[in-house]
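Please open the model in your viewer and keep the selection panel at hand.

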Amino acid sequence: MAIPSLLDQEGWRGSLWPCYSCCRDIWIPSLGELSPQCLGVLGHLPSWVAVLIVALRYGVGPFWRSRRPVWLRRFAAEEAASPPVGADQELGSGTAPRSKPWTSWTLALVLLSVAAAALGAVGAVAWPEYAQLCLIPVFPSIASSLILVLERPRTVSGPVFIINEALLVVEVAVLSLMPSAAPSGPPRLLSWTAGVGFPLASLVLMLNMPLRDPLLDSTGIGKPFAEPTKTARSPEDAITLWQWMTVSWMAPLIRIGYKRQLHDEDVWFLAYEFQHSRLHALFRELTGTVFVRLLKANGLDLIITTALGVLETSLEMAEPVLLKQLLAALTSDQRNIRTALVYAGITLCARLVKAQSGVFSVWFCRRAYERSRGEMITMIHEKTLRRKAFTFPSSHEITGGQAQQQQQQQQQQQQHHEPTSEGISTSTTLTDDESSQNNDDAESQDSSSTPSTNFQKLKSLLHRGYTRINRQKPAPPAQEEPTPASSSSPASTGKILNLLRSDAYEVAQRFWEAPNLTTKPLSFALSLLLLWRLLGPAALGGILVLLAGMAANVLLMRALLRIERARRDASDSRLQRTSQFVEAIRHLRWYAWQDAWLGKIMEGRATELGWRVRSNVVVKSIAAVNALAAYLFPVAGFWAYTVLGGRG
C-alpha cells in the first residue's frame with residue numbers, strides 16, 4: 001500500500017496521529033526495509049522522546065534533585081564546591097540574579113531548531129500527501145528551542161543533544177530504509193534538509209561546546225593540546241565533548257611517550273574530581289561501613305559502566321544475526337545486493353557504537369578505580385596516624401597460649417626489674433598501659449620525695465605483705481578462649497602495608513570489573529537463546545558442558561580462597577619482619593644479628609612466593625576451564641544436533 005493513498009484517505013488526522021494498530025511488522029528481513037505502514041509510528045519516536053525529557057526535567061526534576069539518594073549524585077563535583085568566577089556580573093544591584101546571557105553557541109542552536117521546525121511545517125502544507133514525513137522534525141525542534149530559550153546553557157545541553165540525536169537516527173532510518181516514504185524530488189530534499197541537515201549541524205555544534213562551565217576558575221588547568229607538565233591540572237577539566245569522546249587531548253602525552261620514557265614531570269596533575277584531598281574530606285562525611293560508603297561514593301559510575309556493558313554485550317550478540325541475514329541475501333536464488341549492503345551498513349554502525357561505548361566505559365571504569373583506590377588509601381592513612389604504635393606480631397603469628405606466656409614473662413621481668421631482651425622496641429607513641437605505668441611511676445616518685453608519715457609506712461607494709469602472700473598461691477590454669485584477631489591485638493605494620501600496597505588496589509580493581517557481574521550472565525543467556533533458536537532442543541548438550549565447567553570452577557574457587565588466605569598471612573608476616581628490620585638495623589648491626597633477621601625475612605619471602613605460585617596456577621586453571629567450556633559449548637550443541645538428532 002503506497003503512502004500517498006494512505007494520507008489521502010486519512011487526511012491531516014492520520015498525519016498528526018497515525019494508526020498504531022496498523023504497524024504490525026516494523027522490519028522486513030528479506031528486503032532489509034522498514035514497513036511503510038509504520039511511518040507514522042516511527043515518526044512519532046522523536047516526539048515521544050522530547051515529551052519524556054521535558055516531563056522528567058521540569059516535572060520530576062525539581063523533586064528528584066532534592067530527594068535522590070547519595071549514590072545517584074555526582075560525587076565531588078566541581079560545581080558544588082567552586083563558585084563561578086565573574087558571578088557578580090550576573091547579579092543586579094540587589095541580590096536577585098539577572099537572566100542568563102545569550103552565547104553564540106546557544107543562539108546558533110536556537111536558530112537551527114527554529115529553522116528545522118519551520119521548514120518541516122512548510123513542507124507539510126505544501127505537500128499534504130507527504131505530511132507524515134515532513135512533520136517528523138517539527139515537535140522535537142520546538143521542544144529543543146524552548147529548552148534552549150529557558151535555560152540558555154553555556155555547556156553541552158544533555159536534553160537537547162538526546163532529542164537531536166533521536167531525530168537524526170529516525171530520519172536517516174526512514175529515508176534510507178523506507179524507499180516508498182518519499183520519491184526523489186522536493187519533498188525528499190526538504191526532509192533531508194530539515195530532518196537530517198539541521199539536527200546534524202546542531203550535534204556538530206554541541207560536540208564542540210565545552211563540558212565545563214566557562215565562568216568557573218580555570219587557573220592552573222592545562223590546555224588540551226599544550227605540552228604536559230606536572231604543575232598544570234589535567235585538561236579533562238577544560239575539553240569539549242568531541243575531545244572527550246575521541247580522547248584527543250591525550251595526544252601530547254602519547255607523542256612524548258612515543259619518543260622517550262615518561263617521567264613524573266611529563267604527567268599532568270590529577271583532575272578536580274580525582275584529587276585525593278577532596279575525595280577524603282567528602283568520603284569522611286558518608287555514613288555506614290566502608291563497603292557501603294564506597295558504593296555511595298561510586299554508585300553512579302557503577303550504574304553507568306553496567307549500562308554501557310549491557311549495550312556492548314547486546315551489540316556483540318547482534319553481529320551473528322546480522323551476518324546470517326547478510327549471507328542469506330548473497331546466497332539466495334535471487335541475489336539482493338541492496339539488502340546485503342543494508343545489513344553490512346547496520347553491522348558497521350553497531351561496531352562504531354560498540355567502540356565508542358568501550359571508550360566511555362574505560363573512562364568511567366578508570367574514574368571508579370582511581371577514586372575508590374584513593375578513598376581507601378587515605379582512609380587507611382588516617383586510621384594509621386590515629387592509632388597507637390605497636391611492634392609485636394599480629395594475632396595470626398602467635399596463638400593465645402603463647403601470648404599469655406609472653407605476658408606472664410613480661411610481668412615477672414617487671415617485678416624483678418629485668419629488662420626485656422627479646423626484640424627491640426621501635427614504637428614512637430605510648431600505649432595506654434605504658435602511659436598509666438609511667439603515671440604510676442611518676443606518682444611514686446612524687447610521694448617518695450615528700451616526707452612519709454606513719455600512716456603511709458603502715459600502708460606500704462600491709463601492701464608488701466599482701467603481695468608476698470599472693471605470690472605464694474599458685475595461679476589457676478587459664479582457659480583459652482578463641483578470640484577474633486581484631487580483639488586479641490591491633491593490626492601490625494605488615495598488615496597495614498599489605499592493606500595499602502595490595503588490598504586497596506585489589507578492591508579498586510573489583511570496581512573496574514563490576515560490569516562483568518551483569519554482562520557475563522547476560523552474554524550467557526543471549527548466547528543460549530540464539531543457539532536454541534538455531535538448533536532447538538539440541539542446545540541442551542552445550543548447557544551440560546557449561547554446567548560441568550561451573551562445577552569444576554566451584555572446586556577451584558574454594559582452593560583459591562584457601563590459598564589466598566594463606567598467602568595474605570605470609571605477606572603480612574614478611575612485611576612485619578621487613579619493617580622491623582629496617583627500623584632496628586643500627587641496633588642489629590651492633591650485635592651482629594642482621595644476617596639472622598635477614599634469613600628469616602628471606603624464608604618468609606620464599607613462603608609467600610610459594611603460595612603466590614599456587615595461586616597463579618589455580619587462576620590459570622580457572623581461565624582454562626572457562627575457555628574450554630566456551631569453545632565446547634557450540635561444539636556439543638552441533639554434535640547433539642547432527643549425531644543424536646540424525647540430521648548430519
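Begin by selecting valine 247, which is partly exposed at a relative accessible area of 34%; buried means under 20% relative accessible area, exposed over 50%, and partly exposed in between, with a 1.4 Å probe and protein chains only. Valine 247 sits in the loop that runs between helix 9 (241–246) and helix 10 (251–259). Its phi is near 55 degrees, a positive value in a residue other than glycine. Helices (H or I, at least four residues) and strands (E, at least two) are DSSP runs, numbered from the N terminus.

Some conventions apply throughout. This is a predicted model, in which local features need pLDDT of at least 70 and side-chain atom pairs count only at pLDDT 80 or more, while totals for chains, interfaces and linings use all residues. Residues are numbered from 1 along each chain as its sequence is written, and side-chain values use heavy atoms, with hydrogens and water left out.

Next, select arginine 152, in the loop between helix 6 (138–151) and helix 7 (158–177). Arginine 152 is also a residue other than glycine with a positive phi, here near 50 degrees.

Cysteine 23 lies in the loop between helix 1 (3–16) and strand 1 (27–28), and cysteine 38 in the loop between strand 2 (33–34) and helix 2 (39–43), so the pair ties together parts 15 residues apart in sequence. The torsion about the S-S bond of cysteine 23 and cysteine 38 is about 100 degrees, so this disulfide is right-handed. Cysteine 23 counts as buried at 16% relative accessibility, and cysteine 38 is buried at 1%. A search of the whole structure finds one disulfide.

For the last stop, select residues 516–535, which form helix 19. Its 20 residues reach 27 Å from the first C-alpha to the last, close to the 28 Å expected at 1.5 Å a residue, where the expected span is 1.5 Å times one less than the number of residues. Which residues of helix 19 are buried? They are Thr519, Leu528, Leu531 and Leu535. These four cover an arc of only 160 degrees around the axis, which puts them on the same side of helix 19; the arc is that of the directions from the helix axis to the C-beta atoms. On the other side of helix 19, Leu517 and Arg533 are exposed. Glycine 536 follows helix 19, with a positive phi near 80 degrees.

Terms used: A disulfide is a pair of cysteine sulfur atoms within 2.5 Å.
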